[in-house]
Amino acid sequence: MAFTIAIDGPAAAGKGTISKAVAAHYGFAHLDTGLLYRAVGKQVLTGTAAIEAAQNLRAEDLQADDLRTPEVAQAASKVAVIPEVRAALVDFQRVFARRSGGAVLDGRDIGTVICPDAEAKLFVTASAEIRADRRFRELVANGLRVDFETVLDDVRQRDARDMGRKDAPLRPADDAIQIDTSELSIDEAIATAIREIDARR
Ligand code: C5P
């Protein structure tokens, strides 16, 4: 039977790490839905219209290796406010969520809009400073030249845009379990997530 796990939260709260570990633990498929918006954002940076890019998005576009840059992240959060862009990406996400083996989707609106009937919903948070620090280290480790203040600014701007938009704003679903990872190690955060999901299986 399909079992869907929705993991939402702001940028760099630990969603990606937790989602990958949870998917591996249960043997489920994993979709990082931010990649859809990043792939659209990237095409907009090269001159394609946002709605057209979203409507023509192909699974291969999610494999591009330059989707993780701060420029693409900003472009992604700008296209993500456009209702037609969001609408064009719904089916892809819902089809993925119904995979028979079980699926983990992480993003901003999985528990509220994409999969409101998900069997388990997590909302992963951490303070903006801690999230910016994690993202900063990750970008540096990937060889990008960035400074901390710029990364913190980027996180705050994206938070404001994600929480303030009219269509599918970032917020916890009423039945989501909240996990604040500010004081947790990666292993503790993963263990907490698995404990909460097991309680719903
Ligand atoms: O998660 P990630 O940082 O890769 O997401 C990039 C941007 O895509 C977010 O800032 C957000 O604006 C948008 N997004 C969204 N809904 C999702 C996933 C991502 O609006 N489900």
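This is a predicted model: local features need pLDDT of at least 70, side-chain atom pairs count only at pLDDT 80 or more; totals for chains, interfaces and linings use all residues.
**Ala-168.** I find Ala-168 in the loop between helix 8 and strand 5 (177–180). I checked the backbone too: phi of Ala-168 is near 55°, a positive value in a residue other than glycine. I noted this since most residues other than glycine have a negative phi.

**Ala-12.** Ala-12 is not a glycine either, yet its phi is positive, about 60°. I place Ala-12 in the loop between strand 1 (4–8) and helix 1 (15–26). Buried or exposed, with 25 other C-beta atoms within 10 Å? I write Ala-12 down as buried because of that count.

**Helix 8, length.** I went back to helix 8, which runs over residues 148–164. Its 17 residues at 1.5 Å a residue should span 24 Å, and I find the end C-alpha atoms 24 Å apart, so the two figures agree.

**Helix 8, sides.** Which residues of helix 8 are buried? My list reads Val-151, Asp-154, Val-155, Arg-158 and Asp-162. They cover an arc of only 100° around the axis, which means that they sit on the same side of helix 8. I recalled the rule behind such patterns: an α-helix has 3.6 residues a turn, so residues three or four places apart point the same way. On the face turned away from the buried side of helix 8, I note the exposed residues Glu-149, Ala-160, Met-163 and Gly-164. I also looked for what covers the buried residues of helix 8, and the cover includes helix 4 and helix 7 (128–141).

**Helix 7.** I followed that lead to helix 7. Helix 7 has 14 residues and reaches 20 Å from first C-alpha to last, close to the 20 Å expected at 1.5 Å a residue. I list Arg-131, Ala-132, Arg-134, Arg-135 and Phe-136 as the buried residues of helix 7. What covers them includes helix 8, and helix 7 in turn is part of the cover of helix 8's buried residues. After helix 7 comes Gly-143, and I read a positive phi there, near 85°.

**Ligand shell.** How many residues surround the ligand? I get 14, and the closest are Gly-34, Tyr-37, Ser-77, Ala-80 and Gly-107. The elements that give two or more residues to this shell are helix 2 (34–45), helix 4 (70–79) and helix 8. Sorted by class, I have five nonpolar, four polar and five charged residues around the ligand. Helix 4 turns up again in my notes, as part of what covers the buried residues of helix 8.

**Ile-114.** I picked Ile-114 next, which has its place in helix 6 (residues 110–114). I call Ile-114 buried because it has 25 C-beta neighbours inside 10 Å. What does Ile-114 contact, leaving aside its neighbours within four places in sequence? I find Val-90, Gln-93, Arg-94, Ala-97, Leu-105 and Asp-109. I also checked Leu-89, 25 residues from Ile-114 along the chain, and the two C-alpha atoms are separated by 9.6 Å.

**Confidence.** Last, I looked up the predictor's own scores. The mean pLDDT of the protein is 96, and 100% of its residues reach 70 or more. For the complex I note an ipTM of 0.99 and a pTM of 0.96.

Key. Residues are numbered from 1 along each chain as its sequence is written. A residue is near a molecule or strand if its C-beta atom, placed from the backbone, lies within 6 Å of it. Helices (H or I, at least four residues) and strands (E, at least two) are DSSP runs, numbered from the N terminus. Ala, Val, Leu, Ile, Met, Phe, Trp, Tyr, Cys and Pro count as nonpolar, Asp, Glu, Lys and Arg as charged, and the others, Gly among them, as polar. pLDDT is the predictor's confidence in each residue, from 0 to 100. The expected span of a helix is 1.5 Å times one less than its number of residues. A residue is buried if 20 or more other C-beta atoms lie within 10 Å of its own, exposed if 12 or fewer, and partly exposed in between; C-beta atoms are placed from the backbone. The arc is that of the directions from the helix axis to the C-beta atoms. Two residues are in contact if their C-beta atoms, placed from the backbone, lie within 7 Å.
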